[in-house]
Amino acid sequence: MDLDPLEASRLVTDEYSAKILVATFRRPRSAIEMSREYGIPIAACYRRIHALEQAGLLRCVERALTQKGKRISLYSSELKNAYIFFEGGRLRVRFQLANGITQDFGGDWKAVDVDVPQ
């Protein structure tokens, strides 16, 4: 997913996304489990899961069967570390993934253009 630094920082600092990443860091969990345990509305939970999957920060690791015979997806965080920097007027975001890959958002660390009122 091609995000600018501002979008990337919003993705991991959003309350629901942060809860999902924390909840799935140690063990895989289902959307329903996270919704109940962390108070995330189920529709919002699925939206954040989709966005986190698109960014490569979350992945479905298992399709399990419930006791009632329904299939559920179990998700695991791929995010090991996230860094958000504000240096010399530039916003920089770096994600280190569990597989060792580092993603720098903003490409070559260019400044984010922000219109400042005069």
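Among contacts in this protein (heavy atoms within 4.5 Å) between residues at least 6 apart in sequence, 41% join residues at least 24 apart.

A word on the model. It is predicted, so local features need pLDDT of at least 70, side-chain atom pairs count only at pLDDT 80 or more, and totals for chains, interfaces and linings use all residues. Residues are numbered from 1 along each chain as its sequence is written, and side-chain values use heavy atoms, with hydrogens and water left out.

Now the layout. We have four helices and five strands. These are DSSP runs, numbered from the N terminus: helices are H or I with at least four residues, strands are E with at least two. Reading from the N terminus, the order is α-α-α-α-β-β-β-β-β.

Next, the inside. The protein has 118 residues, and 32% of them are buried. Buried means under 20% relative accessible area, exposed means over 50%, and partly exposed is in between, with a 1.4 Å probe and protein chains only. The accessible surface comes to about 7600 Å². Carbon and sulfur atoms account for 49% of that surface. Those areas come from the Shrake-Rupley method with a 1.4 Å probe; for residues, only the protein chains shown count as cover.

Which residues touch the most other members of the largest nonpolar core? They are Ile20, Ile49, Leu57 and Phe95, in a core of 23 residues. The elements giving two or more residues to this core are H1, H2, helix H3 (31–38), H4 and strand E4 (90–97). H4 gives the largest share, four residues. A nonpolar core, by the way, is a set of buried Ala, Val, Leu, Ile, Met, Phe, Trp, Tyr and Cys residues joined through side-chain atoms within 4.5 Å.

Look at Leu57. Leave aside its neighbours within four places in sequence. Its contacts then include Leu11, Val12, Leu21, Phe95 and Gln103.

On to charges. Side chains of opposite charge can pair when their charged atoms come close. For a salt bridge, a side-chain nitrogen of Lys or Arg lies within 4 Å of a carboxyl oxygen of Asp or Glu. How many does the structure hold? Seven.

Take Asp14 and Arg48. Their side chains meet at 2.9 Å, N to O. This pair links distant parts of the chain, 34 residues apart. Asp14 sits in the loop between helix H1 (5–13) and helix H2 (15–23), while Arg48 is in helix H4 (residues 42–54). Asp14 counts as partly exposed, at 24% relative accessibility.

Glu15 and Lys19 form another salt bridge, at 3.1 Å, N to O. They are separated by about one helical turn, because they are four residues apart in helix H2. Lys19 is partly exposed, at 26% relative accessibility.

Then Arg27 and Glu33. That salt bridge is 2.9 Å, N to O. Arg27 is partly exposed at 39%, and so is Glu33 at 24%. Both belong to a network of salt bridges that links Arg27, Arg29, Glu33 and Glu37.

Last, the aromatics. There is one aromatic pair, and it is Tyr83 with Phe85. Rings of Phe, Tyr and Trp (its six-membered ring) pair if their centres lie within 6.5 Å; planes under 30 degrees apart count as stacked, over 60 as edge-to-face and the rest as tilted. This pair is stacked, at 6.0 Å centre to centre and 15 degrees between the planes. Tyr83 is partly exposed at 33%, and Phe85 is partly exposed at 29%.
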